[in-house]
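User: Please take a close look at the part of this model that surrounds the ligands. I would like one connected account that I can follow with the structure open.

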Amino acid sequence: MKKKKILVTGGTGYIGSHTVVELQNAGYEVVIVDNLSNSNADVLEGITKITGTRPFFEKIDCNDLTALTALFKKHRHIDGIIHFAASKAVGESVQKPLLYYRNNLVSLMNLLELMPQFDVSGIVFSSSCTVYGEPDENPIDENAPIKPATSPYGNTKQINEEIIRDYVHSGAPIKSIILRYFNPIGAHSSAEIGELPIGVPQNLVPYITQTGIKVRKQLSVFGDDYDTPDGSCIRDFINVVDLAKAHVIAVERMLKNKTEEAVEIFNLGTGVGVSVLELIHVFEKVSGEKLNYKIVGRREGDIEKIWANPDKANNVLGWKAEESIEDTMESAWKWQLKLREKGIM
Ligand code: NAD
Ligand code: WQD
């Protein structure tokens, strides 16, 4: 039987690369589109090592409608799209809002415009728990209110969700599954692919592992005076491979016409909240390294506590986060050690 072909935008990035691996393992043919603005083409070697198959790769900017049109003409019969490509640094989005609005909105609009022209009927979209803001209660489910965004980045996710809904509502012959990720962390267990932040990491786990390996002197823990058991913030840390697997299920659901609504939304999290200090202690346990950290003041704009109610994804998609937080942190550490071994960091 002919393999189904999936276009993965942002496929050389962190979540995208792990998803390409799972798609290929599940028998899909993958075409990656990435402009390499936040990733490196070497990732393709890692994917090939794990799966034995090299995905097609096209260095294209999703904002370039002409180049995207040519891509759809070249790779005829794309069956579905997973759209990861976006700029994602919250702080940078405050400094450069137009860059974020242009990159994150135009990319999606280009893809949506081309889908009917090339008979592509389904798109999976990467959204974020950031759309919920500070929850009124936890765990939070998909019906919780969307709160005003606290950054241009967060706003792009909200607007993108609305663009998809409005387009479908207009009668466009497409369907979409919107996945709201909580905090993806960790790496593939082979340590062939993982997260590779450019410059100083903004996110907690790469900062922890880089401090563990002494690329960074000290981790600052932003606040221990929150209304949580140990005073540090609480998040729902989801293993990136678990997250990747949810995309394969979502794609299959779209291609087999099993969706119940033209736009479906799912939270992707574990359902368990873990505090920043707890995560540090898990890291210390699995790595055997004492982490140099100090408590500093709160970071502006931080959410105090948020974790998912993943019941809908568990019951409707039949997907569940499986990896333990220990194994996940161990995978992040193994990846950091591999980067050292390769002389990258
Ligand atoms: P990433 O930066 O590692 O991957 C994004 C990829 O998209 C990069 O390879 C980048 O080069 C590419 N890209 C950016 N703009 C592009 C454009 N205009 N054309 C082509 N390629 C482009 O980020 P990630 O962590 O893998 O995130 C993937 C998606 O998931 C993003 O949409 C992000 O907003 C979303 N998301 C991420 C998190 C997280 O914590 N990592 C949480 C929630 C949602
Ligand atoms: C987690 C916790 C920090 C770094 C961000 C985006 C969000 C989403 C996921 C995409 C917080 C604390 C962190 C450090 C620390 N991305 N921390 N010291 O803030 O949950 O969410 O990534 O959609 O939109 O805002 O993730 O990893 O930055 O922080 O103490 O050096 O770790 O204060 O409590 P966050 P994070």
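**The shells around the two ligands**

Strand E5 gives the most to the shell around ligand 1, with three residues. Helices here (H or I, at least four residues) and strands (E, at least two) are DSSP runs, numbered from the N terminus. This is a predicted model, in which local features need pLDDT of at least 70 and side-chain atom pairs count only at pLDDT 80 or more, while totals for chains, interfaces and linings use all residues. Residues are numbered from 1 along each chain as its sequence is written, chains are lettered from A and ligands numbered from 1 in the order in which they are written, and side-chain values use heavy atoms, with hydrogens and water left out.

Start with ligand 1. It is surrounded by 29 residues. A residue is near a molecule if one of its heavy atoms lies within 4 Å of it. The closest are Asp34, Asn38, Ser39, Asn103 and Tyr153. Four elements each supply at least two residues of this shell: helix H1 (14-25), helix H5 (97-117), strand E5 (122-128) and helix H6 (152-169). By class, the shell around ligand 1 divides into twelve nonpolar, 13 polar and four charged residues. Here Ala, Val, Leu, Ile, Met, Phe, Trp, Tyr, Cys and Pro count as nonpolar, Asp, Glu, Lys and Arg as charged, and the others, Gly among them, as polar.

A polar side-chain atom of Ser39 is 2.6 Å from an oxygen atom of ligand 1. The backbone takes part too. A polar backbone atom of Phe84 lies 2.8 Å from a ligand 1 oxygen, and one of Ser37 lies 3.1 Å from a ligand 1 oxygen. Alone, ligand 1 exposes 820 Å², and the protein buries 95% of that. Accessible areas come from the Shrake-Rupley method with a 1.4 Å probe.

Turn to ligand 2. Its shell holds 18 residues, and the closest are Ser128, Tyr153, Ser220, Arg235 and Asp302. The shell around ligand 2 has nine nonpolar, six polar and three charged residues.

A polar backbone atom of Gln202 is 3.4 Å from an oxygen atom of ligand 2. A polar side-chain atom of Asn203 lies 3.2 Å from a ligand 2 oxygen. A polar backbone atom of Leu204 is 2.8 Å from a ligand 2 oxygen. On its own, ligand 2 has 680 Å² of accessible area, and the protein covers 86% of it. Helix H7 and strand E8 (219-222) are the elements that give two or more residues to this shell. E8 gives the most, with four.

H7 (residues 204-212) and H11 (residues 325-341) pack at about 55°, with their axes 10 Å apart. So H7 is oblique to H11. H1 and H2 (residues 43-51) pack at about 30°, also with axes 10 Å apart. H1 is therefore roughly parallel to H2. Axes are lines fitted to C-alpha atoms, for helices over the stretch in contact, and angles run from 0 to 180 degrees between N-to-C directions. Angles under 35 degrees count as roughly parallel, over 145 as roughly antiparallel, 65 to 115 as roughly perpendicular and the rest as oblique.

Technical notes:
Polar contact = N/O pair within 3.5 Å; in protein donor to acceptor, adjacent residues only side chain to side chain.
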